[in-house]
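Hi,

Here is the structure I promised to pass on.

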Amino acid sequence: MQDRFPAQERFTDGAQYIAGRLTHGTSGRTHAVVDPATGEEVFTYALASTADVDAAVAAARAAFPGWAGATPGERSDALHRFAAVLADRAEEFARAESLQCGKPLKLTREFDVPGTIDNTAFFAGAARHLQGQSAGEYSGDHTSYVRREPIGVVGSIAPWNYPLQMAAWKILPAIAAGNTIVLKPAELTPLTSLLFAQAATDAGIPDGVINIVNGTGREAGEHLVGHPDVAMTSFTGSTGVGKRVAEVATATVKRLHLELGGKAPFVVFDDADLEAAVHGAVAGALINTGQDCTAATRVYVQRPLYEAFVERTAALMETVRVGDPFAPGTDLGPLISHVQRDRVAAFVDRARGYARVVTGGETPLGELKNGAYYLPTLIADAAQDSEVVQSEIFGPVLVVLPFDSDDEGLALANDTPYGLAASAWTRDVFRANRATREIAAGCVWINDHIPIISEMPHGGYKASGFGKDMSVYSFEEYTQVKHVMFDNTAVARKPWHRTIFGDS
């Protein structure tokens, strides 16, 4: 186990990170981190109580004046050092992320960890580009300008599917803008968030700027969202839980940033490169074992290509190597837990009554039987209003449906409550432009699906939430604007004073 989890010794002092040090949670309850590939417990920690949340918020509040008062250059320098520390510890992060999530090690090495380092480097530069508006005279003898200021203490809640990257997406823009933060990771996946906070401290980011509380959503999460000293809540997770977060946050009139569920459409027009679309659909559907809000989940194929697409996609899925995340050849690891595996299996089992399961739909046996594995699954011929088309499955399941006209394909793409991401596959620039214009989603790829970059925003439409992660657009979430107005004259009483109050 030491080879799989070399960072375990770092957490002997606890799994809460408050004011620059590890402490043990005080709830009186514990939680186990389970390796989803084997079902074995690898780390047990004491859960945070509401008192621990209070301590973390107090630490963030105490650190706020100094951090907000630092110059953009000082914050930028600290983030550059942070990126360097992360790069030095890349392998440690990759192994810890693979262990707690079941991600193939090649995925965490090539995607999760490099993406996090790149995001840190991006915000190190972006920290120096926070600006308001230039001064101007907009009203008589007055000069106005706009200041962009940090909000205060941010309370964030991150999901279990990309715990390292989600921690980065929430922490980096918040602190680059001068805020301090308390992050609650998912109970299943606390390890890399703690390593991330420790790396920040080692890079010289002051104590209390980044705090981590590992507790349950019902206790620690709700208390953090409702805390009167927390000025903003950022949440990534399911739409159902997002509604509860919004309800709790409303009581204290907090600013909200919600990145919620997705059910991404993948529209294949009849002029598309069929082989490219097939490979794109399999990669887009199975990334992170399908546990991705932007994953390709429902493919609409124009009827001339439909049967060939189904046949070739099934054949390609059957070549995907399912296995131990730490084995070099593994393409697909387990789901996050047996509970999630059983949930996905139940979706597929119910679909057998109204659709065609072309391939997959099984739990592998043999040496994988103790893990939370599920084979890549392709479902065809489901109705548009069926459960597998409308609901977020969050597993390695792809549903394929035919369409006839372009109008129909785009209408079907928009026919769910979600709007996080989508893709369209065509060689026709006019079709591509129409798809990007008409599909209601925060990101629309053309002839690709899944890539993200630090310089561009990520966030949803409709029931997928609001607000942006990454890019300079995220600063809109983590700053507030202030209008400042100067009187440029020495006259004590202005004409508008006399108009309102008289001239006596």
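Before the sheets make sense, you need one rule: two strands pair if DSSP finds at least two bridges between them. The strands themselves (E, at least two residues) and the helices (H or I, at least four) are DSSP runs, numbered from the N terminus. Keep in mind that this is a predicted model, in which local features need pLDDT of at least 70 and side-chain atom pairs count only at pLDDT 80 or more, while totals for chains, interfaces and linings use all residues. Residues are numbered from 1 along each chain as its sequence is written, and side-chain values use heavy atoms, with hydrogens and water left out.

Seven strands make up an open sheet with mixed pairing, in the order 14-15-16-13-12-18-19. Its edge strands are strand 14 (356-359) and strand 19 (443-446), each of which pairs on one side only. The twist from one strand to the next averages 25°; for such angles, axes are lines fitted to C-alpha atoms (for helices over the stretch in contact), and the angles run from 0 to 180 degrees between N-to-C directions. Inside this order you'll find strand 15 (residues 377-380) and strand 16 (residues 397-403), which pair in the parallel sense over four bridges. Leucine 378 stands opposite leucine 398 in strand 16 there.

There is also an open sheet of three strands, ordered 5-6-22, and its pairing is antiparallel. Strand 5 (133-139) and strand 22 (479-487) are at the edges with a single partner strand each, so one side of each has no neighbour in the sheet. Direction ignored, neighbouring strands of this sheet are turned by 30° against each other on average. Three bridges join strand 5 to strand 6 (residues 142-150), and glutamine 133 sits opposite valine 146 in strand 6.

**Covered strands**

How many of the five residues of strand 7 (residues 153-157) are buried? Five of the five are, so strand 7 is largely enclosed by the rest of the structure. Buried here means under 20% relative accessible area, exposed means over 50%, and partly exposed is in between (1.4 Å probe, protein chains only). In a regular strand, side chains alternate between the two faces of the sheet. Both faces of strand 7 are covered, with Val153, Gly155 and Ile157 on one side and Val154 and Ser156 on the other. Strand 7 runs parallel to strand 8 (residues 180-184), joined by five bridges, and serine 156 has leucine 183 as its bridge partner in strand 8.

Strand 11 (residues 255-259) is mostly covered, with four of its five residues buried. Strand 11 pairs in the parallel sense with strand 10 (residues 232-236) over five bridges, and threonine 236 has glutamate 259 in strand 11 as its bridge partner.

**A bent helix**

Have a look at helix 4 (residues 105-126) too: its 22 residues reach 30 Å from first C-alpha to last, close to the 32 Å expected at 1.5 Å a residue. That expected span is 1.5 Å times one less than the number of residues. Helix 4 bends by about 25° at proline 114, the bend being the angle between axes fitted to the seven residues ending there and the seven starting there. Phenylalanine 111 lies in helix 4 and is partly exposed, at 25% relative accessible area.

**Rings**

A search of the whole structure turns up 10 aromatic pairs. Rings of Phe, Tyr and Trp (its six-membered ring) pair if their centres lie within 6.5 Å; planes under 30 degrees apart count as stacked, over 60 as edge-to-face and the rest as tilted. The rings of phenylalanine 82 and phenylalanine 196 have centres 4.8 Å apart and planes at 55°, so this pair is tilted. Phenylalanine 82 is in helix 2 (residues 72-88) and phenylalanine 196 in helix 6 (residues 191-202), so the pair ties together parts 114 residues apart in sequence. Both phenylalanine 82 and phenylalanine 196 are buried. Elsewhere, ring pairs link Phe11, Phe43 and Tyr45 into a cluster.

Most residues other than glycine have a negative phi. Asparagine 288, though, has a phi near 55°, and methionine 470 a positive phi of about 60°. Asparagine 288 is in the loop between helix 9 (274-286) and strand 13 (296-302), and counts as buried at 6% relative accessibility. Methionine 470 lies in the loop between strand 21 (465-466) and helix 15 (475-478), and is buried with a relative accessible area of 3%.

Cheers
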